[in-house]
Amino acid sequence: MTQTGLFWFNNDLRLHDQTALWQLANRVDRLVCVFCIDPEWFKPNGLNSRAMGQQRYRFLLESLADLQEALTDLGQTLLVLEQRPVAAISQLIEQHQISHVGRSAHPGIYEQRQWATLQRSFPGTRFLETDTFTLFHREDLPFAIDDLPKSFSQFRRKVETLQVPAAQKAMTYLPSPPPLEFTSIPQQQAALNTLFKGGERAALTHLGNYFSSEAASSYKQTRNALDGWLNSTRFSPWLANGSLSARYIHSCLRQYERLHGANDSTEWIFVELLWREYFQWYAIQHGYRLFTPAGITQKPVRCCFYPERYQRWCHGNTPYPLVNALMHELNETGYMSNRGRQIVASAFIHELRMDWRYGAAYFEQQLIDYDMASNWGNWQYIAGVGADPRGGRHFNLEKQTREYDPDGIFINKWQGGEGNQPLDSLDAADWPIMPPRPRS
């Protein structure tokens, strides 16, 4: 009897190191490859933004177009459906008598619920899920997920000596699809201001260029720079949607060390991969608490939502030139340095006294490298409701400006000093127009 499989692409838009797809392809005679563009991504959420902004959507469409081309070379194609995933995949299972459904494991609680719903709805279908988004498989970890260390330092000590699984080579064969009515990928938007092009080929080109340079040997000294293409690795946009595998980055890093020698900088690249790794398992462990005001601490949080302050922060019109410049960069390019993200998040939480979740949600909308676990985990970290044993981080904006933009080059480039206004408007009696702070 012919076995027909369905592979649900999600956070793994590539053919290299694609264990999940490889395992499914070896079990079926025919294969449907599908990606769902969820209409809910574009609807306003309860945190004053949307899940999918313009830059991020542009990057996604480029990645899908690249994946479609790569699949075509293997006699396959990508079915892109603008539907809710559970409804779309349920319909395909019924129409084509799907015997196996496969995907890469996802750390998101909503994505996990979608997977569980499909399993309950189709008990006669076999569901295969594999860890491809992380460095390690769940079974590789020296602890159960419920016993995940409470801080990154503890996590690092437990896992840094583990053997990272080898990255698989790119797929060279896939079963053919059954007869299907394929829809084209939605029209890409007009070119926007960005240095990043979506897709696996662009990811691998950048990876090769980075490790062909000597930048990795000085990474620890340059990683906090606000600007400069090779001052940081810039892998994050492709890592975020799975166009690039973390395991493949790790293998390239170790190859670089064999050729050029290891030092503190090359080791710090590995540390950054471990930070990303920690937050993936952190998201799986804590589920919905990743999105609650009190985070994983469940302690009372003093904050509020001031609409004017929120808009000033989003549009880079605060009394803080460095924050303004960073937000202008984010809005125009969909990207911001890691140091910049810490600075603007700290200002949002501590200077503006805002509910951290609104800032995290705005980052989700704007960042082309939005990674659910890393984004929400890092915002919790800065807000003091997450994994930081110090109880949060408050960055001194004047000190950060002196240290990372002493000559004002970045502020001038992104016009951080223009339109600089007081934080709150005043009424006729010179009283701030803002809602009262909640009583404790």
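Partly exposed here means a relative accessible area between the buried limit of under 20% and the exposed limit of over 50%. Keep that in mind for the views below, which all come from a predicted model.

**View 1. Lys43 pairs up with Glu40 in a salt bridge.** The closest N and O atoms of the two residues sit 2.9 Å apart. Lys43 has a relative accessible area of 41%, so Lys43 counts as partly exposed. Glu40 comes in at 33%, which makes Glu40 partly exposed as well.

**View 2. Step back from that pair and a network shows up.** Salt bridges link Asp38, Glu40, Lys43 and Arg84. Searching the whole structure turns up 14 salt bridges.

**View 3. Arg156 meets Glu160 through their side chains.** This salt bridge spans 3.0 Å from N to O. Arg156 is partly exposed, with 24% relative accessibility. For Glu160 the relative accessible area is 28%, so Glu160 is partly exposed too.

View 4. Asp227, at 31%, is partly exposed.

**A note for all views.** Side chains of opposite charge can pair when their charged atoms come close.

Methods:
Residues are numbered from 1 along each chain as its sequence is written. This is a predicted model: local features need pLDDT of at least 70, side-chain atom pairs count only at pLDDT 80 or more; totals for chains, interfaces and linings use all residues. Side-chain values use heavy atoms; hydrogens and water are left out. A salt bridge is a side-chain nitrogen of Lys or Arg within 4 Å of a carboxyl oxygen of Asp or Glu. Buried means under 20% relative accessible area, exposed over 50%, partly exposed in between (1.4 Å probe, protein chains only).
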